[in-house]
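Have a look at the sequence and the fold before reading on.

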Amino acid sequence: MTFGEQPAYLRVASDLRQQIVNGALPPHTRLPSQARIREEYGVSDTVALEARKVLMAEGLVEGRSGSGTYVRERPVPRRVSRSGYRRPSGANPFRQEQSEEGARGTWESSSEQDGASPEVAARLGIQLGDRVMRTRYVFRDAGEAMMLSTSWEPLEVTGRTPVMLPEEGPLGGCGVVERMAAIDVVVDNVLEEVGARPGLAEELLALGGVPGHVVMVVERTYYASGRAVETADVVVPADRYRIAYHLPVK
């Protein structure tokens with residue numbers, strides 16, 4: 001078998017990947033053994049092993065203890081909708097977006113006071129260690145964990161107000177814009193930066209991912225007259241979801 005100039009293990013991985021993509025190796029099929037890869041491609045055991053590692057890192061195959069390596073089911077990506085505008089309905093933005101997509105969205109959350117880390121302090125424009133309300137969310141679609149979020153709000157803004165706890169009180173579960181408006185803070189701008197990285201162990205455990213899988217991370221910050229009043233990290237498994245933006249045309 002003739003290949004290009006790539007390292008041998010990448011060439012083998014590329015050929016096996018193509019077989020997975022075109023269906024020659026369908027989901028739940030056992031990947032050729034290390035010995036078979038060695039013989040079929042004329043490579044060493046080390047090359048065969050490294051090729052399998054590449055496919056595992058890409059999430060295409062998974063190891064089963066005492067059984068071998070198998071092709072994983074390839075999920076059909078679903079959308080996570082985001083928008084620069086939300087109707088004032090009193091509903092959490094996640095609930096609105098999932099309702100519009102016809103999904104069965106639920107979530108659970110927990111809030112606690114914390115000191116701002118260097119990164120959170122920089123994003124909120126406050127001092128290191130200043131008190132913030134940290135709220136962690138797990139969002140589910142039909143019972144399946146599909147998105148994690150951690151938000152931080154400076155208690156200098158929300159402390160001792162009815163909206164101090166995002167999911168409790170008269171405006172519990174409403175969006176940031178509505179909650180801030182209730183304490184006369186007018187949100188007029190939001191910044192979202194989207195990136196990707198390997199998922200942390202605890203994130204992948206919560207999301208049902210495999211170690212090494214990539215997650216998309218949305219860093220979102222709400223501003224009122226140039227002052228940050230909330231910042232959050234939204235984490236979504238990249239192999240199962242796509243982030244779709246609905247932006248108004250002005």
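A142 sits in the loop that joins β5 (131–141) to β6 (144–154); helices here are DSSP runs of H or I with at least four residues, strands are runs of E with at least two, and both are numbered from the N terminus. This is a predicted model, in which local features need pLDDT of at least 70 and side-chain atom pairs count only at pLDDT 80 or more, while totals for chains, interfaces and linings use all residues. Residues are numbered from 1 along each chain as its sequence is written, and side-chain values use heavy atoms, with hydrogens and water left out.

For context, most residues other than glycine have a negative phi. With a relative accessible area of 46%, A142 is partly exposed; buried means under 20%, exposed over 50% and partly exposed in between, using a 1.4 Å probe and protein chains only.

R160 is another non-glycine residue with a positive phi, of about 60°. R160 lies in the loop between α6 (155–158) and α7, and its relative accessible area of 86% makes R160 exposed.

Is R179 buried or exposed? This arginine, found in helix α7 (residues 176–181), has 2% relative accessibility and so counts as buried. Its side chain reaches the backbone oxygen of V163 at 2.7 Å. Leaving aside neighbours within four places in sequence, R179 is in contact (heavy atoms within 4.5 Å) with E153, V163, L165, P166, L171 and C174.

α1 has 14 residues and reaches 20 Å from its first C-alpha to its last, close to the 20 Å expected at 1.5 Å a residue; the expected span is 1.5 Å times one less than the number of residues. In α1, the residues V12, A13, L16 and I20 are buried. They cover an arc of only 100° around the axis, so they are on the same side of α1; the arc is that of the directions from the helix axis to the C-beta atoms. These buried residues pack against α2, α3, β1 and β2. G23 follows α1 and has a positive phi, near 90°.

α3 (residues 45–57) has 13 residues, and its reach of 18 Å from first C-alpha to last is close to the expected 18 Å. Its buried residues are V47, A48, A51, R52, V54 and L55. Seen down the axis of α3, they fall within an arc of 155°, so they line one face of the helix. The face turned away from this buried side carries the exposed residues T46 and A57. Among the elements covering the buried residues of α3 are α1 (8–21), α2 (34–41), β1 (61–64) and β2 (68–71). Just after α3, G59 takes a positive phi of about 80°.

## Two nonpolar cores

A nonpolar core is a set of buried Ala, Val, Leu, Ile, Met, Phe, Trp, Tyr and Cys residues joined through side-chain atoms within 4.5 Å. The largest has 17 residues, and those with the most contacts inside it are V12, L16, I37, L55 and V61. α1, α2 and α3 each supply at least two residues of this core, and the largest share, 5 residues, comes from α3.

A second, separate core of 11 residues includes V80, F139, M146 and Y241.

How values were computed: Polar contact = N/O pair within 3.5 Å; in protein donor to acceptor, adjacent residues only side chain to side chain.
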